[in-house]
Structure formats: C-alpha cells, structure tokens
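Let's walk through this structure together, one step at a time. Have the sequence and the 3D view open as you read.

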Amino acid sequence: MTGRSIFLLAALVGGAVLPVQVALNTLLRRYVGEPMQVTFISYLAGALASLAICILARYPLPVVASLNQTSWWMWVGGCLGTFYVWSTIFATPKIGAALALALTIAGQMVAALFLDHYGAIGLVRYPASPTRIAGVVLVVLGVSLVAYVKA
C-alpha cells in the first residue's frame with residue numbers, strides 16, 4: 001500500500017461508518033428522546049473510546065503550555081461536530097438516512113471546496129479548478145436525484 005493509499009482508505013472507511021453512526025443514533029433516539037440527549041451520549045461514548053485508545057497507544061497528555069498557545073476558535077471543532085451529529089439525528093427520521101447523508105456530503109463538498117481554494121483555517125491551498133468544481137456539481141446533482149420524490 002502506498003503512502004497516499006492509507007489516507008484514501010482511512011477517508012473512505014471513515015465515510016462508510018457515518019451511515020451506521022446515523023442509524024445507531026437514530027435508533028437510540030427512540031429510547032432516549034431528544035436528539036441533543038443522544039448527541040451527548042454519542043460524544044460521551046466517543047470521548048471514552050478516544051481516551052481508551054490514547055491510554056492503550058500510550059499517547060502522552062497534551063502539554064498545557066501548547067494548549068495555552070491556541071486560540072479559542074480552534075476549540076469550536078467539537079461544537080461543530082455536536083451540531084453535525086444532532087442534525088443527522090434530528091433529520092434522519094423525517095427524510096431518511098440516504099437523503100440526510102447525501103445532503104451532509106453535498107454540504108461538506110461545497111464548504112470543503114471553498115476552504116481548499118482559499119487555504120482557510122490553516123489548510124493547504126488547493127485551487128478550485130474547473131474539474132474540482134464539476135465534481136462538486138455532480139455531487140449536488142446526485143443529491144437532487146436522492147431527494148427526488150415522485151408524487
């Protein structure tokens with residue numbers, strides 16, 4: 001496996017588990033109630049799993065001095081993740097997992113194209129070429145097909 005292949009595989013598998021996460025969280029909602037309660041449970045389980053992996057892999061704790069050098073907005077990622085998980089738990093029962101995830105992917109692609117193009121938030125700059133724009137347009141068209149409901 002080449003150096004780049006492992007990253008491609010990680011992204012593919014990471015994407016493949018999202019529908020399972022959405023389905024599990026949606027099922028859990030039937031027992032717990034509110035989407036934000038399920039979001040809390042999901043993040044608590046994820047935090048415990050992350051802690052266990054860090055302990056097993058013997059990753060050192062972050063140095064406080066390094067954390068003090070960060071800006072407050074760098075910590076917003078967890079809040080955005082909370083919104084993502086909540087939004088899928090909220091929407092999936094009403095629009096289905098396929099459409100919820102299709103819209104999620106379309107939103108991710110459009111936002112990622114802008115972030116890449118401008119090299120925003122510390123990302124490496126990858127210009128929005130006509131080919132990359134066409135790829136995002138095809139994703140959005142695909143979402144339209146998933147969303148199409150024949151009356």
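**From an exposed tryptophan to a helix pair**

Trp72 counts as exposed, because its relative accessibility is 71% and the cut-off for exposed is over 50%. Please keep in mind that this is a predicted model. You will find Trp72 in the loop between helix H3 (64–68) and H4. For a sense of scale, its C-alpha atom is separated by 20 Å from that of Leu115, and the two residues are 43 apart along the chain.

Now follow the chain into helix H4, residues 76–95, and look at how it packs with helix H2, residues 35–57. In general, two packed helices are described by the angle between their axes and the distance between the axes. Here the angle is about 130° and the axes are 9 Å apart. That angle makes H2 oblique to H4, and H2 passes H4 in a right-handed crossing.

Which residues in H2 and H4 meet? From H2 come Pro35, Met36, Val38, Thr39, Ser42 and Tyr43, and they face Gly78, Gly81, Thr82, Val85, Trp86, Ile89 and Phe90 in H4. Sorted by class, this contact has eight nonpolar, five polar and no charged residues.

Some of these names return in the largest nonpolar core, which has six residues: Val22, Val38, Tyr84, Val85, Ile89 and Leu101. H4 gives the most to this core, with three residues. Leaving out residues up to four places away in sequence, Val38 touches Asn25, Leu28, Arg29, Val32 and Ile89.

Technical notes. Residues numbered from 1 in each chain as written. Predicted model: local features only at pLDDT ≥ 70, side-chain atom pairs only at ≥ 80, totals over all residues. Heavy atoms only, no water. Axes fitted to C-alpha atoms, helices over the stretch in contact; angles between N-to-C directions. Helix = DSSP H or I, 4+ residues; strand = E, 2+ residues; numbered from the N terminus. Parallel < 35°, antiparallel > 145°, perpendicular 65-115°, else oblique. Left-handed = near helix turned anticlockwise from the far one by under 90°. Contact = heavy atoms within 4.5 Å. Nonpolar A, V, L, I, M, F, W, Y, C, P; charged D, E, K, R; others polar. Core = buried A, V, L, I, M, F, W, Y, C linked by side-chain atoms within 4.5 Å. Buried < 20%, exposed > 50% of the residue type's maximum accessible area, 1.4 Å probe, protein only.
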